[in-house]
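This report is meant for a reader who is meeting the structure for the first time.

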Amino acid sequence: MSQPALAKAPQSQSLRGEPTTPLFQQGMHPLRDGRVEAAAASRDGNAHPEQHPEEPQAGLTKLRSFHTYENLTVAEALLAHLEAEQVDAVFGIPGGNIAPLVQALRRQARIRFIIGSHEGGSAFMADGYARATGKLGVCAVTAGPGATNAMTGVASAHLDQVPLLTISGQVSTERFGLGAIQESTDEGGINTGEMFRHCTASSTTVVDAKSFPRLLERALKTAHAVPHGAVHVSIPTNIARQTLAKVSVPTAPGAWKSTLPAAPASDVYTAFELLRNARRPLVYLGSGAREALESRGAEFAALVRRYCIPVATSLRGKGLFSEEDPLSLGVLGIAGSKRAEQYLREGVDVLMVLGSRLGEWATKSFSTLFQTAHTVIQVDATPCVIGQFLQVNLPIVADVGSVVAGLVEFGHGAAPGNEAHVRERRQHLNALNLAHRSAADVLPEDGPLKPQHVMEELNPHLHGRTDLYVDMGNCTGWATHCLRITPPARVFYPCGLSSMGWSMGAVIGGKVGKPENTAIALTGDGSFLMNGTELVTAVRYKVGAVYIVLNDNYLGMVNHGEHAQSGGEYALDDPYFSLGDPDLVKFSESLGARAYEVTRPGQLTELLPEVLKRADEERRPQVLVCRIDYREVPPYGDRFAAVASAPKEG
């Protein structure tokens, strides 16, 4: 295919398209009327913010403003910073070595301490809270096993670029090297600070109270940097109780958030012209485009409709563009849609990747089909991910939102480069969609319940302010392949580390952070057993989350994967990967949840409206255990083949 012709790019033009959010606001007193301030005042009667000169007038909106408080402990200072971040929930489990922070949490009423049943589940809750709200997720755990238990959840958030702060306790500094209980230093035999260093963006241990504000601010800046990530701060008990003479706290939320530069106008114009003149263009949305599409989704949709540009997404980008739109090809990647794969196979002359690092999930196990694209444009905030899989002709390291804004701006009044190509594309996409709808399997109305039945009956409820948290396993493939997401509904996956059991905690954190949204977890029975005890957390804190469990009594993805790789040497009903057929309904009820067993097609359709209503009205978790046919093969053919393939010699 010939490369589309380019028009001359404009030399100077603003592409940000949005006003800068003011960082200077009045009246943001993080400890005003709070119990922490009262506690400080009771010590010396002098806990009040320093007086500042008259605040700047309009035109100085980028200035940061701070309030300084006197005589706060390190633990209280931490809470003051969290309040400034507008964090209203901390997730974790108490313990002796984090007692000062727990006691500080008890003395105030602004931030809830959600106590989980396991530190790993608590970290997943903080992850879900951050994804649902866009704010900082916070996990607080004790030293030693508390920290190591949380590590999987923290690493999972970090690899998915979720801003998460983990605070872990530590024995008093004067006990270092004495073999104190849960000592987590080199001298104690296990250094959790160093362990977290290898699975977070930063990890530090505070050994001097005066350095705490600086180290905390550095951690917050790192968590909010681009890309976002997880950070860890370990605080010894004696340090946490020490008093700081003065603590300065930002008065406006988002003070530590990084702002990426806008993309150069010439680069965005070049990208626009490539797309406008292409014969077979494709826009590919990754999770890095979430913020841009949530704010400019309607304008983006109008742009691609004007030029009839088809849109595919990665698994984590699923639903950023309505999957009911005729231009949507669905997910392109592992367990993705056949029409997206066919469109790519037939040839793409301009591929524009917005906010995807093009990892294995996103590229269908690094399929060579992607490499057939003639011209590749990749936009990402992280320079190192550009070109790591594909040769990129136009790399743009910038805020994805500025690129979307620029494309929209250039699209105003500009006609398609070739109207005949637009008509040809529209006809082809209509035929492609019709062919794949006609080829879709017709599900039997009787017989065993299949996972496709569950997806089909769940689909009508994925609308409006609904957040779906999809676990890892066969449920991932079925959700990706079968569900259709339309904004403002959202779907979240833990693809970075692919952690089983993630949704059990994440849906709780998400519902705590966004109580007005419907929160649904889609999980398998293996994942459910890993972290199902977090149901008691949802019951205790009146979290009306809904859990849909695909119950086939197997570690299904592994079971089907080995069966496919071994050429049928092992039967699917081989007990090797069986879960022992536990009664998940009784298990859920024993923890205080309402539970229902679904065994036939159509039953979920009957139950879901009432279940969703009860979840909100009773503020109580609801569990739907769907007994599915274990023989149904998940849409993971290429993934199974990739895992089974031997490295080539030479």
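## Overall make-up

Of the contacts in the protein between residues at least 6 apart in sequence, 78% join residues at least 24 apart. The model is a predicted one, and the protein in it has 22 helices and 20 strands. Buried residues account for 57% of the 650 residues in the protein.

## The parallel sheet and its helices

An open sheet is formed by 6 strands, which follow one another in the order S3-S2-S4-S5-S7-S6 with parallel pairing. At its edges are strand S3 (112–115) and strand S6 (202–205), each of which pairs on one side only. From one strand to the next, the twist averages 20°. The pairing of S6 with strand S7 (residues 230–236) is in the parallel sense and runs over 4 bridges; within S7, Val233 is the bridge partner of Thr204.

Helix H2 (residues 74–84) lies across strand S2 (89–92), strand S4 (137–141), strand S5 (164–170) and S7, and H2 runs at about 170° to S5. Helix H5 (residues 145–159) lies across S4, S5 and S7, and its angle to S5 is about 165°.

## Nonpolar cores

Which residues have the most contacts inside the largest nonpolar core? That core has 90 residues, and those with the most contacts inside it are Leu82, Leu165, Phe212, Tyr547 and Val623. Leaving aside residues up to four places away in sequence, Phe212 touches Val74, Ala77, Leu78, Val206, Ile235 and Leu244.

## Aromatic rings

A pair of aromatic rings is described by the distance of the centres and the angle of the planes. With ring centres required to lie within 6.5 Å, the count comes to 16 aromatic pairs, and two of them are set out here.

| Pair | Type | Centre to centre | Angle between planes |
|---|---|---|---|
| Tyr269 and Phe272 | tilted | 6.4 Å | 35° |
| Tyr284 and Phe370 | edge-to-face | 6.1 Å | 85° |

Tyr269 and Phe272 are 3 residues apart in helix H9 (residues 265–277), so they are separated by about one helical turn. Tyr269 counts as buried at 15% relative accessibility, and Phe272 is buried too, with a relative accessible area of 4%.

What does the pair of Tyr284 and Phe370 tie together? Tyr284 lies in strand S9 (residues 281–285), while Phe370 lies in the loop between strand S12 (350–354) and strand S13 (375–380), so the pair ties together parts that are 86 residues apart in sequence. Tyr284 is buried, its relative accessible area being 1%, and Phe370 likewise counts as buried, at 2% relative accessibility.

Conventions:
Residues numbered from 1 in each chain as written. Predicted model: local features only at pLDDT ≥ 70, side-chain atom pairs only at ≥ 80, totals over all residues. Heavy atoms only, no water. Phe/Tyr/Trp six-rings, centres within 6.5 Å; stacked < 30°, edge-to-face > 60°. Helix = DSSP H or I, 4+ residues; strand = E, 2+ residues; numbered from the N terminus. Buried < 20%, exposed > 50% of the residue type's maximum accessible area, 1.4 Å probe, protein only. Pairing = 2+ DSSP bridges. Axes fitted to C-alpha atoms, helices over the stretch in contact; angles between N-to-C directions. Contact = heavy atoms within 4.5 Å. Core = buried A, V, L, I, M, F, W, Y, C linked by side-chain atoms within 4.5 Å.
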